[in-house]
Amino acid sequence: TCVNEGCTPTKTMIASGRVAHLVQRAADYGIDCKDVVVDMERIRQRKRDIVTMFRTGSTKSVNSVDGVDLIYGDARFVGQKSLTVELNDGGAMTCDADWIFINTGTRATSPSIDGIDSVPILDSTSIMELDHVPHHLVVLGGGYIGVEFGQLFRRLNSKVTLIHRGEQLLAHEDSDIADEVAKIFRDDGIEVLLQSTATRIRKMGNDIEVELSGQGREITARGTHLLVATGRRPNTDTLNCEATGVQLTDRGFVEVNDRLETSADGIWAMGDVNGGPAFTHISYDDGRLLRTNLLEGGDRSTDGRLVPYTVFMDPQLGRIGPTEKELRAQGREFAVAKMPMSKVARALETDETRGVMKALVDPTTEQILGAAILGVEGGEIAGGIQLAMMGNLPYTAIRDGVFSHPTLTESLNSLFASIEA
């Protein structure tokens, strides 16, 4: 997913969107530019070329390992330790093994809305294959996917309406961070409709109409294209897990313990399909956990694993550790460090002052508990905070550290100085 239709292609296209955004803002920096012309076919081809390069490299790497057979086909269990594979080239084969690892990922799914099957819809894969810029893109869903694609196509000159049924975008985040995200989007000219539930979808001439209800009112959103970004489902429905004794959750994810073991002996599940955090780096670390435990005699667990992520909107939202609302739910004491990006020298110099920095610390141990960095290169800054957390550094070490001036990292001095001793 990451290489073919996830991180690699989306972030490649988002880079094109950022270039368009900077060119549109060139006058702010004293540079005169001609009107921006978006060539969607060239953006798509650049994306395809990079995907091909990454995929080809990964395939060569796998094929270069002695003892590894790479088989293309659709597999399903026919016994506890036996699979049948319908080969892409035709025919079938049976595979038996003592150890089996399920890593089949997830795919986009559509909600049950009256009329949704009567209109053409886009998902996170098909939208990247457009050869033109939508005149007006309506986005259903205010999670990572909806947020990233909504802003991308606004920067490529689409009108964008973003619809979300929740009270805030990015439901996992604290409300102050989510509110700042919504403010940035509205500043970009994106129409953000919160607490709005789609009740009916229909075709109206060349347009698509989405009827909405919420907050005691009925409204209609209308656009030329509809992106459905409301969730993903696990790819377990064709695996025939019943033949193995592998238990699935009500939503179809593979049940695992903190060592990624399923309910069947000798079968593990890793990555998105086990219902854990749906990030490439977590799937990758699942593999390292299993290598440590099964091949190196270790005893690793997912308990206590730090789960960083970055929402690649612009400015980026980098997150590490629990949110403020999660700490409150746990009954933990904490202090808050918070500072707007408009107080960061480097952000002012580059005219990238939107966003806010926020960190949470334990007032007794002075350990950093978590952080959300919504700002230019927010993911990179959050990564620096994560390194401090991994090294058990007190927040005072960062507050008093000497960092190169003027850099974004230097802003952490001021952020952590905002905590009253």
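This is a predicted model: local features need pLDDT of at least 70, side-chain atom pairs count only at pLDDT 80 or more; totals for chains, interfaces and linings use all residues.
At what angle do the axes of helix 2 (residues 7–24) and helix 4 (residues 144–155) cross?

1. The axes of helix 2 and helix 4 come within 8 Å and cross at roughly 40°. That angle makes helix 2 oblique to helix 4, and the crossing is left-handed.

2. On the side of helix 2, the contact is formed by Thr10, Lys11, Met13, Ile14, Gly17, Arg18, Ala20, His21 and Gln24, and helix 4 contributes Glu148, Phe149, Leu152 and Arg155. Sorted by class, this contact has five nonpolar, four polar and four charged residues.

3. Helix 2 has 18 residues, and its span of 25 Å from first to last C-alpha is close to the expected 26 Å. Its buried residues include Thr8, Pro9, Met13, Ile14 and Ala20. The buried residues of helix 2 pack against helix 1 (2–5), helix 3 (40–63) and helix 4.

4. Most peptide bonds are trans, and most residues other than glycine have a negative phi. The bond from Asp314 to Pro315 is cis, with omega near 5°; Pro315 lies in the loop between strand 15 (309–311) and strand 16 (316–320). The bond from His405 to Pro406 is also cis, with omega near -5°, and Pro406 is placed in the loop between helix 10 (395–399) and helix 11 (411–417).

5. Asn157, in the loop between helix 4 and strand 7 (159–163), has a positive phi of about 85°. Asn157 is partly exposed, at 42% relative accessible area.

6. Gln215 has a positive phi near 55° and lies in the loop between strand 10 (207–214) and strand 11 (217–223). With a relative accessibility of 53%, Gln215 counts as exposed.

Technical notes: Residues are numbered from 1 along each chain as its sequence is written. Side-chain values use heavy atoms; hydrogens and water are left out. Axes are lines fitted to C-alpha atoms, for helices over the stretch in contact, and angles run from 0 to 180 degrees between N-to-C directions. Helices (H or I, at least four residues) and strands (E, at least two) are DSSP runs, numbered from the N terminus. Angles under 35 degrees count as roughly parallel, over 145 as roughly antiparallel, 65 to 115 as roughly perpendicular and the rest as oblique. A crossing is left-handed if the near helix is turned anticlockwise from the far one by less than a right angle, and right-handed if clockwise. Contact means heavy atoms within 4.5 Å. Ala, Val, Leu, Ile, Met, Phe, Trp, Tyr, Cys and Pro count as nonpolar, Asp, Glu, Lys and Arg as charged, and the others, Gly among them, as polar. The expected span of a helix is 1.5 Å times one less than its number of residues. Buried means under 20% relative accessible area, exposed over 50%, partly exposed in between (1.4 Å probe, protein chains only).
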